[in-house]
Amino acid sequence: MANIGSYFSISAIFIFALFTISPSFCLAARKFLSPETDTKFIKTWCDATTYPDLCFVTFSSYAAEIQDSPKTLTTKSLFVALNSTRSASKNLTDISKTQGLKPRETEALQDCVEEIGDSIDELKRSIVEMDETAGKSFAFRMSDIQTWVSGALTDEDTCMDGFSETAIEGDVKANMRTLIEKVAHLTSISLAFVNHYAGANK
């Protein structure tokens, strides 16, 4: 019975996490986009990413703020990726403390939390660098940002790979992969924007 209770607890955490991270759920809580707001610019940039549908659903709600500014869109994508990664980290930490997990499940979760922590640090550094104007050249700054966002994506992929290599099974494994994949997809979109922005301003 204790194990059943713990899995219900894990399921509840995942449901909360998906509401927190999923842009489709977030959109329902946002102010509806006005008909006058043009989203063509965002759609054009999103179509060049690996996940165009997720991209457009996520960023079209910011169209009034983004307008047709590549820098604003790129910076916004970094903030969205960072916030999603922070939320995933919190939920993974909560799950790792749940009673009834196997030792190998707990270990995999803790390793993932560490990888996601590194991802958070790299995304934060990228955001700070996007706003920097003094010192380094634009090309040098963007090269650093590309390296950090790429590193963040690698950390998230490493987290997911860890679950494939452990004895985690069933709902725990499936739900964790869903949670991390959402974060990785948003980071991938951000990296595509960073690369596009860097290339367009050479």
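## Legends to the close-up views

**Around Thr106, contacts are made with Ser96 and Leu101 once residues up to four places away in sequence are left out of the count.** Contact here means heavy atoms within 4.5 Å. Thr106 has its place in helix H7, which spans residues 103–130; helices (H or I, at least four residues) and strands (E, at least two) are DSSP runs numbered from the N terminus. Between the C-alpha atoms of Thr106 and Thr93 the distance is 9.8 Å, with 13 residues separating the two in sequence. The model is a predicted one, in which local features need pLDDT of at least 70 and side-chain atom pairs count only at pLDDT 80 or more, whereas totals for chains, interfaces and linings use all residues. Residues are numbered from 1 along each chain as its sequence is written, and side-chain values use heavy atoms, with hydrogens and water left out.

**Helices H6 and H7 cross at roughly 155°.** Helix H6 covers residues 70–96, and its axis comes within 9 Å of the axis of H7; such axes are lines fitted to C-alpha atoms, for helices over the stretch in contact, and the angles run from 0 to 180 degrees between N-to-C directions. H6 and H7 are therefore roughly antiparallel to each other, a word kept for angles over 145 degrees, while those under 35 count as roughly parallel, 65 to 115 as roughly perpendicular and the rest as oblique. The crossing of H6 and H7 is left-handed, a term for a near helix turned anticlockwise from the far one by less than a right angle, with right-handed used if the turn is clockwise. By class, the residues in the contact of H6 with H7 comprise 14 nonpolar, 10 polar and 3 charged; Ala, Val, Leu, Ile, Met, Phe, Trp, Tyr, Cys and Pro count as nonpolar, Asp, Glu, Lys and Arg as charged, and the others, Gly among them, as polar.

**Helices H3 and H4 pack at an angle of about 150°.** H3 is made up of residues 40–47 and H4 of residues 52–59, and their axes lie 8 Å apart. H3 and H4 are therefore roughly antiparallel to each other, and H3 passes H4 in a right-handed crossing. On the H3 side, Ile42, Lys43, Cys46 and Asp47 take part, and they meet Pro52, Cys55, Phe56 and Phe59 of H4. This contact of H3 with H4 is formed by 6 nonpolar, no polar and 2 charged residues.

**The buried residues of H3 are Phe41, Ile42, Trp45 and Cys46.** Viewed down the axis of H3, these buried residues fall within an arc of 130°, so they line one face of the helix; the arc is that of the directions from the helix axis to the C-beta atoms. Lys40 and Thr44 are exposed, and they sit on the face of H3 turned away from its buried side. Buried stands for under 20% relative accessible area, exposed for over 50%, and partly exposed for values in between (1.4 Å probe, protein chains only).

**In H4, Leu54, Cys55, Thr58 and Phe59 are buried.** Down the axis of H4, its buried residues fall within an arc of 105°, so they too line one face of the helix.

**Leu73, in helix H6, is buried, with a relative accessible area of 0%.** Not counting residues up to four places away in sequence, Leu73 touches Phe41, Trp45, Phe59, Ile66 and Phe193. Of these, Phe41 and Trp45 belong to the buried residues of H3, and Phe59 to those of H4.

**Gln67 lies in the loop between helix H5 (63–66) and H6.** Gln67 is not a glycine, yet its phi is positive, at about 55°.

**Helix H9, residues 170–200, holds Ser188 and also His196.** Ser188 counts as buried because its relative accessible area is 15%, whereas His196, at 34% relative accessibility, is partly exposed. With neighbours within four places in sequence left aside, Ser188 is in contact with Thr50, Tyr51 and Leu153. His196 and Pro70 are 126 residues apart along the chain, and their C-alpha atoms are separated by 8.6 Å.

**The protein chain as a whole contains 9 helices and 0 strands.** Of its 202 residues, 44% count as buried. Among contacts with a separation of 6 or more in the protein chain, 75% come from residues 24 or more positions apart.
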